[in-house]
Amino acid sequence: MSRHATIPAERCYWAVVDPSSLPRASRRDANAVAYLAEPLLPLPLEELHLVTASLDPRHTIVCAVERTWLESRADDCIHLCPEALPEVLGLDLDPARLNLLSGEYTPRPIRQWRQRSFGLALLAVLLLAGTVIWGLERRRSQWLDQADAVRVEIRDVQRRALGPAALSGRLPAELQMTAELRRLRQSREVETAAAPEVRDVSMDLGDLLGHWPRQQPLLTESIHVTQDTIHINAGVTNALEAQDVYDALAELAGWQSHQPSVRSMQGGFRATLRLDRENAEDVR
């Protein structure tokens with residue numbers, strides 16, 4: 001079998017038609033164009049095999065050959081075309097574009113090659129689809145495992161927060177958790193509203209230490225400073241030392257001093273002094 005063969009142009013029937021009258025989707029359809037060429041051909045379309053080639057949007061060349069003649073030579077080659085175009089047509093077209101072994105006359109090797117190519121392409125698509133499905137299924141399995149782990153973790157948190165007895169109740173654990181969270185938020189709002197205002201007393205402590213009598217050998221036990229009061233507990237050898245401390249702190253601006261309370265203890269005395277902020281209500 002030869003690969004390529006040609007036939008004389010005189011062995012073919014020729015026509016040039018205008019396919020612009022056909023719908024756009026049918027202008028390259030050989031069967032649709034054949035009906036336009038039927039009045040120009042000497043034999044009925046049933047006895048002819050036609051191939052077409054577009055020259056421009058308004059001109060398509062039609063080449064036809066008798067079916068009986070073509071059937072006797074269809075197995076001799078894989079490509080059959082005219083040697084040349086008739087000179088009367090005056091067209092510049094490569095005759096190889098008019099392959100008469102097309103459609104139902106496609107050679108068996110070409111059909112087998114196309115079938116193998118289609119089979120390989122289909123196999124590749126199936127392998128690709130199988131790989132994608134396997135990957136998606138694996139990812140789905142991972143997501144399900146993660147969802148199960150999250151549910152177990154949620155169940156464990158609910159058991160720790162509500163207790164095992166609460167989980168066996170008729171009310172779902174999610175609703176119990178919602179109610180518990182609402183109760184905690186409400187209790188926190190109440191505690192926040194009732195909490196006293198926090199005030200920085202570092203300046204008050206600095207003023208206090210600035211007036212502290214450095215010449216007295218006091219054994220200070222504690223100094224408690226709030227926004228309204230100052231309490232001082234100190235060890236003294238006698239009541240006069242407590243009075244000296246009182247006199248020194250009496251000059252502390254914005255504070256009112258009270259007479260110290262002196263109590264006897266083993267090895268000496270303990271003095272307790274208290275100062276109240278003047279106009280405490282205004283400070284608040």
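Leucine 126 sits in helix 3. Helices here are DSSP runs of H or I with at least four residues, strands are E runs of at least two, and both are numbered from the N terminus. Leucine 126 is exposed, at a relative accessible area of 54%. The cut-offs are these: buried is under 20% relative accessible area, exposed is over 50%, and partly exposed lies in between (1.4 Å probe, protein chains only). The model is predicted: local features need pLDDT of at least 70, side-chain atom pairs count only at pLDDT 80 or more, and totals for chains, interfaces and linings use all residues. Residues are numbered from 1 along each chain as its sequence is written, and side-chain values use heavy atoms, with hydrogens and water left out.

Together, Phe118, Leu122 and Leu126 make a nonpolar patch of about 330 Å². Patch residues have over 30% relative accessible area and no salt bridge; nonpolar side chains (Val, Leu, Ile, Met, Phe, Trp, Tyr) are joined within 5 Å, like charges within 9 Å. Areas come from the Shrake-Rupley method with a 1.4 Å probe, and for residues only the protein chains shown count as cover.

Stay on helix 3, which spans residues 108–162. Glutamate 137 and arginine 140 lie three residues apart there, about one turn of the helix. Their side chains meet in a salt bridge at 3.1 Å, N to O. The term requires a side-chain nitrogen of Lys or Arg within 4 Å of a carboxyl oxygen of Asp or Glu. Glutamate 137 is partly exposed at 43% relative accessibility. Arginine 140 is also partly exposed, at 43%.

How many salt bridges does the whole structure hold? A search finds five. One of them joins the side chains of aspartate 18 and arginine 58, at 3.1 Å, N to O. Aspartate 18 is in the loop between strand 2 and helix 1, and arginine 58 is in the loop between strand 3 and strand 4, so the pair ties together parts 40 residues apart in sequence. Aspartate 18 is partly exposed, with a relative accessible area of 29%. Aspartate 276 and arginine 274 form another salt bridge, at 2.9 Å, N to O. Here aspartate 276 counts as buried at 17%, whereas arginine 274 is partly exposed at 39%.

Now move to helix 1, residues 30–37. Ala32, Val33, Ala34 and Ala37 are buried in this helix. The buried residues of helix 1 pack against strand 2 (13–17), strand 3 and strand 4 (59–66).

Strand 3 covers residues 48–56 and contains histidine 49. Is histidine 49 buried or exposed? At 7% relative accessibility, histidine 49 counts as buried. Its side chain reaches the backbone oxygen of leucine 100 at 3.0 Å. Beyond neighbours within four places in sequence, histidine 49 is in contact (heavy atoms within 4.5 Å) with residues including Cys63, Val65, Arg67, Leu100 and Tyr105.

Finally, the cysteines. The structure holds zero disulfides; the term needs two cysteine sulfur atoms within 2.5 Å. Cysteine 12 is buried, with a relative accessible area of 6%. For cysteine 81, the closest cysteine sulfur is in cysteine 77, 9.0 Å away and too far for a bond. Cysteine 81 is buried too, at 7%.

How values were computed:
A polar contact is a pair of N or O atoms within 3.5 Å; within protein, one must be able to donate a hydrogen and the other to accept it, and residues adjacent in sequence count only if both atoms are side-chain atoms.
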